Amino acid sequence: MSGNSDSKLGPVRVWALAAGGMVGGGIYIALGVVISVAAQWAWLSFAISGVIAVISAWSYARLSNKYGKSGGAFEFLEDMDRRKLAGSLSWLLIMGYTLTISVYAYAFGHYVAYAFAGGEWMIRALAILIGVGLIGLNLLGVGKMTSVEVVIVTGNLAILVILAVWGLSQWNGVELVSGIEPRAPWASIVGAAAIFVSYEGFQLLTYEYDQIANPQKTFVPVLVSAAIFVVFVYIAVALGATMLAGALTVVEQKEIALSVAARNAAGTAGLVGMTIAAAFATAAAINSTLYSTAKLAERIADDGMLPSWFEHENRFGVPDRPVVLIGAMATFLAIIGSLSSLVEAASLVFLVTFMVVNIIAWREMETWRWIPAIAVVMSFVVGLVLVARLAVNAPVPLAVLAALSVFVFVARPAILARVHTEGGA
Amino acid sequence: MGRLRLVFCALCLPALLGASGNEPAHLRLINLVDGSPHISVELCAETSGDCRSLDIDADDMCDTLDLAPAVYRFTVTHAGGKIEPFSYGIAPGHDYGLAIYGLSSAKDEPTFFARAKRFLGGLEIRAVNGFRVSHRMTTMTPHKPDDPATVRMANFSVGTVALEAEIKTGDGVHPVGVASYGGATGPFRTTDKSGSIEVKPDGSDLVVAETPLALPGGSNTMMYAAGMADGQLRLVIDQRSGKSPSD
């Protein structure tokens, strides 16, 4: 963990990084999307996705303890001697993280531009600025600043909790459907599918497993409790922000929904506070995701699952080529993509990944196997709904994702056989 | 689906959506149905059962209705028939505009595929009904008087391509945005007190509508593109100004 002290991560810092990794960008852009789909059942959508996320956190943590090393799903599959699947899944994961970074850059651009009454050009300029800026920081070897992240996470969570409590204190149930059509409870499953990416951040901690102090004892309770906490924060924010802004306003201004809610609650002070929280939270989330994804790409290349081109490090010991490639692609997507298609394409990638990890947990664990089995079934149902939703709502992103998946699973071995690799595909 | 929704409304909505605020909400209904000289609308509060009925002429809007906060069920009858009843939540202190739009002669019954798209797509799929008579709610709550005025355009002009709106103010020409059928632009904010609106087919220099527009501070304006006649686009403008509920 460059740029940090030699001390290992204690449970409090691990908890803060896990919670912050999830809250870092997801809630800022997911709320309007989920209310437009599930209306008054948006909170239930967060709860359904949350159950899958909490079980997945439990599976990730237990499997990390079982295999005893960093690397997440890639390592689990490698240790099971499923190298081909490990390689394919890791390529898919890198695509998912790239989409996630683009969502965060998109959110950063919108929230900051809104505070300055900026138009489309400012939104795009800010997305480029944050993308290029954080690529530069990572290249200088200061990509992982754990202590700074913990401070940002704490401030971010505090502001979100204040917003949620403020909103809930003004409870008026009809605000949940203000200006929108009430929907049936099962619309919450569609909502859960659309915003699953909001929960993906905890798994970055599994890439830092060897930096965690006493993980065998602390990792499972810390990761699971962080995930449970985030589920409650999301539910509270979904209800509280809607009380403050009204459902239709959240939908119409979904890119900046929390700023609108904060402005309604506390005027300019609320807007400034939420803009600062959103800017720092999304920037920190971009930074940590870019750092971890580049490290993952380097690790995978080292095992021969990516071309050795990805293993190159600059003089600061940073895998510079993955940092630049992933950062540039994410920034480009943030500029051209629409919010819903970015969020939902990323959600599908992580649903598949979490399902695979829960299948591994179900197969490899000797006790409590019914728990990951529940998550597998739920992920499958929610994943099917998401594919159906993308097919009718965003067929082009779905087709691109499908083509990339076919490419990853079918063409990847052939590509690796043709290029220079170390370790072989 | 209809029966299930009815059961749901009867069992869950009263408890979940109980309204505690007494401040009335303000609603205007706008008739943009092509081919219907007027429409009849009945709206009933789902909890109290209180109902109102009104007729609205073509390309016109009703007077502002002060409504008690509740979920309301709307039944709309136009020259071509009656559309499937629908509900909206009306929250205290908010201003809303509900546009009824589409082609009166189009077939009213949505297909199974259209229903599936609506279920999966939520509010983001606006044109799922094709040119069937449909509805769209917009928040119209005015801003604080010292805040900038906002201007948006919604495109409910049957058969036209995407429309682009521009506004000329004292400091130049600014794009308001582009809206395809059933869609709306984002808000353009301005501190100028007046301007002039131009609407063109997207990608064209042909001006199909032009109108001056007063922009009182904090006002919230929605321009509805209603339809083409003799090469000109009909615009229906809903503008709300005054103190916002938070004042």
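Student: In which sense do strand β11 and strand β17 of chain B pair?

Tutor: This is a predicted model, in which local features need pLDDT of at least 70, side-chain atom pairs count only at pLDDT 80 or more, and totals for chains, interfaces and linings use all residues. Residues are numbered from 1 along each chain as its sequence is written, while chains are lettered from A and ligands numbered from 1 in the order in which they are written. Strands are DSSP runs (E, at least two residues) and helices are too (H or I, at least four), numbered from the N terminus, and two strands pair if DSSP finds at least two bridges between them. Between β11 (149-155) and β17 (220-229) of chain B there are six bridges, and the sense is parallel.

Student: Which residue of β17(B) is the bridge partner of B:R152?

Tutor: The open sheet of four strands in chain B runs in the order β14-β11-β17-β18, with mixed pairing. Its edge strands, each pairing on one side only, are β14 (188-190) and β18 (232-240) of chain B. In β17(B), the partner of B:R152 is B:M222.

Student: Into which domains is chain B divided?

Tutor: The bounds come from an automatic or database domain assignment. Chain B is divided into domain 1 (2-139) and domain 2 (149-240).
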